[in-house]
Amino acid sequence: MILVSACFANIKCRFDGDHKTVNWIQDLVISGEAIPVCPEVLGGLPIPRPACEIVVCYDDGTKKVIDNTGIDRTEAFVTGAENTLSIAKACGSTIAILKANSPSCGKGSIYDGSFSSKKVEGNGFAAQLLLDHGIKLFNEDEELNFISHMKIKI
């Protein structure tokens with residue numbers, strides 16, 4: 001089973017209460033090949049919710065998730081990542097397709113914590129935990145890489 005960000009499957013779970021439907025990913029869910037998850041909702045955050053970004057603490061290098069009102073949401077993101085990993089394990093998932101740049105799902109690139117649309121190298125909380133447990137990650141812009149990977153797996 002493939003895990004996918006729920007917003008790709010026309011599920012209105014994003015911070016702004018909307019979705020980011022991606023047809024080829026939604027087709028995986030419809031065909032029963034993928035299961036949609038939203039780590040932020042799994043962490044207990046509401047829909048809609050304030051936008052969040054990852055901030056690196058300069059004193060000790062730890063990462064926190066702060067919303068655009070200044071509230072620390074790290075605990076919800078950690079819980080959501082752990083719950084996402086639990087679902088992945090329960091489903092036997094070895095692959096996930098997650099939303100690029102998200103503080104939960106981003107792989108390789110995330111917003112820098114300044115709420116100025118600047119990106120930095122890094123992974124979201126759920127993405128990093130899945131990677132740490134050997135789950136192969138793709139984002140919505142990697143359809144050809146995903147297809148290539150799936151053909152190799154067959």
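Modeller: Gladly, and keep in mind that this is a predicted model. Let us begin with the lining of the largest pocket, which has 15 nonpolar, 6 polar and 5 charged residues. The pocket itself has a volume of about 450 Å³. Of its 26 lining residues, R14, F15, E40, S102 and P103 are the closest to the centre.

Biologist: Which elements each supply at least two residues of that lining?

Modeller: They are α2 (39-42) and β3 (52-56).

Biologist: What lines the second largest pocket?

Modeller: Its lining is made of K63, V78, A81, E82, N123, G124, F125, Q128, L129 and D132. By class, that gives 4 nonpolar, 3 polar and 3 charged residues. Helix α4 gives the most to this lining, with 4 residues. The volume here is about 150 Å³.

Biologist: How do you know whether F77 and F125 are buried or exposed?

Modeller: Buried means under 20% relative accessible area. F77 has 2%, so F77 is buried. F125 has 17%, so F125 is buried by that rule as well.

Biologist: What kind of pair do F138 and F146 form?

Modeller: Their ring centres are 5.5 Å apart and their planes are at 85°, so this pair is edge-to-face. Both F138 and F146 are buried. Together with W24, they form one aromatic cluster.

Biologist: Where does W24 sit, and which residues are buried there?

Modeller: W24 is in helix α1 (residues 23-30), whose buried residues are W24, I25, Q26 and L28. Just after α1 comes G32, with a positive phi of about 85°.

Biologist: How do you know that β3 and β4 are paired strands?

Modeller: Two strands pair if there are at least two bridges between them. β3 and strand β4 (residues 63-67) have 5 bridges, so they pair, and they do so in the antiparallel sense. I54 stands opposite V65 in β4. The two strands form a hairpin with 6 residues between them, and G61 in the turn has a positive phi of about 80°.

Biologist: Is pairing always of that sort, or what other sense is there?

Modeller: Strands of a sheet pair through backbone hydrogen bonds, either parallel or antiparallel. This model also has an open sheet of 4 strands with parallel pairing, in the order β2-β1-β5-β8.

Biologist: What makes β2 and β8 edge strands?

Modeller: β2 (34-37) and β8 (136-139) each pair on one side only. Neighbouring strands of this sheet are turned by 25° against each other on average, direction ignored. Strand β5 (residues 95-98) is joined to β8 by 4 bridges, and A96 has L137 in β8 as its bridge partner.

Biologist: Why is S117 called exposed, while F115 is called partly exposed?

Modeller: The cut-off for exposed is over 50%. S117 has a relative accessible area of 59%, so S117 passes it. F115 has 33%, which falls between the 20% and 50% limits, so F115 is partly exposed. Both lie in the loop between β6 and β7.

Methods: Residues are numbered from 1 along each chain as its sequence is written. This is a predicted model: local features need pLDDT of at least 70, side-chain atom pairs count only at pLDDT 80 or more; totals for chains, interfaces and linings use all residues. Side-chain values use heavy atoms; hydrogens and water are left out. Buried means under 20% relative accessible area, exposed over 50%, partly exposed in between (1.4 Å probe, protein chains only). Rings of Phe, Tyr and Trp (its six-membered ring) pair if their centres lie within 6.5 Å; planes under 30 degrees apart count as stacked, over 60 as edge-to-face and the rest as tilted. On a 1 Å grid over the protein atoms alone, a cavity is a set of points where a 1.4 Å probe fits but cannot get out, and a pocket is an open set with protein on both sides within 12 Å along at least five of seven lines; lining residues have an atom within 4 Å of a point. Grid points are joined across faces, edges and corners, and a volume is the space filled by probe spheres set on the points. Ala, Val, Leu, Ile, Met, Phe, Trp, Tyr, Cys and Pro count as nonpolar, Asp, Glu, Lys and Arg as charged, and the others, Gly among them, as polar. Axes are lines fitted to C-alpha atoms, for helices over the stretch in contact, and angles run from 0 to 180 degrees between N-to-C directions.
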